[in-house]
Amino acid sequence: MDDCIFCQIVDGDIPSRTVYEDEDVFAFLDVNPLAPGHTLVIPKGHYETLGDVPGDLGADVLTAVHRLVPVVEDAVDADGSTVAFNNGEAAGQEVPHVHCHIVPRFEGDGHGPIHALFGGPGEMDDDELDAIADRISDAAN
Ligand code: AMP
Ligand code: ZN
């Protein structure tokens, strides 16, 4: 994708602070870090969302995330990390090339868990929860 910033980073046409690279996966520091060490992990190929990524490649991305999380945390002496995909425009994804954020977290940083995005759980009764669980398990298994 010629006009995709992340494809241009993978191709070396836009500079990045590259921290990891293998045949299919690339990782670099976020240019506007939410915390020191904020890292983005992407497949080299252009796919917009997680659902678009072929299974093998999704596993490769997760393998790189698994490898990088402790390394990134150690590099900035973090106490933990928030690891997340903004998956799709509705979820706040701005760059349409799927990417995993590794955001180091520090005791007392005050940013809260992902739950804080939603301001608490939604109201759902047991029938609704059962129906949703059935739809997901029918399609996933
Ligand atoms: P998202 O909102 O999940 O699409 O996140 C996109 C992320 O990409 C943001 O955190 C940006 O700061 C980051 N970003 C945008 N352009 C660049 C760039 N050229 N190099 C590194 N990170 C970038
Ligand atoms: Zn791309």
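What pattern does the protein chain follow when read along the sequence? The pattern is α-β-β-β-α-β-β-α, which comes to three helices and five strands; helices (H or I, at least four residues) and strands (E, at least two) are DSSP runs, numbered from the N terminus.

This is a predicted model, in which local features need pLDDT of at least 70 and side-chain atom pairs count only at pLDDT 80 or more, while totals for chains, interfaces and linings use all residues. Residues are numbered from 1 along each chain as its sequence is written, and side-chain values use heavy atoms, with hydrogens and water left out.

The C-alpha trace spans about 50 × 40 × 25 Å along its principal axes. Of the 141 residues, 30% count as buried, meaning under 20% relative accessible area, with exposed over 50% and partly exposed in between (1.4 Å probe, protein chains only).

Turning to charge, the chain has 5 positive and 29 negative side chains, where Lys and Arg count as positive and Asp and Glu as negative, with His and the chain ends not counted.

How many salt bridges does a search of the whole structure find? There are two, each a side-chain nitrogen of Lys or Arg within 4 Å of a carboxyl oxygen of Asp or Glu. One joins Glu21 and Lys44 (2.8 Å, N to O). Glu21 lies in strand 1 and Lys44 in the loop between strand 3 and helix 2, so the pair ties together parts that are 23 residues apart in sequence. Arg105 and Asp109 form a salt bridge as well (2.7 Å, N to O); Arg105 is buried at 17% relative accessibility, whereas Asp109 is partly exposed at 24%.

Methods: Chains are lettered from A and ligands numbered from 1 in the order in which they are written. The place of a charge is taken as NZ of Lys, CZ of Arg, CG of Asp or CD of Glu.
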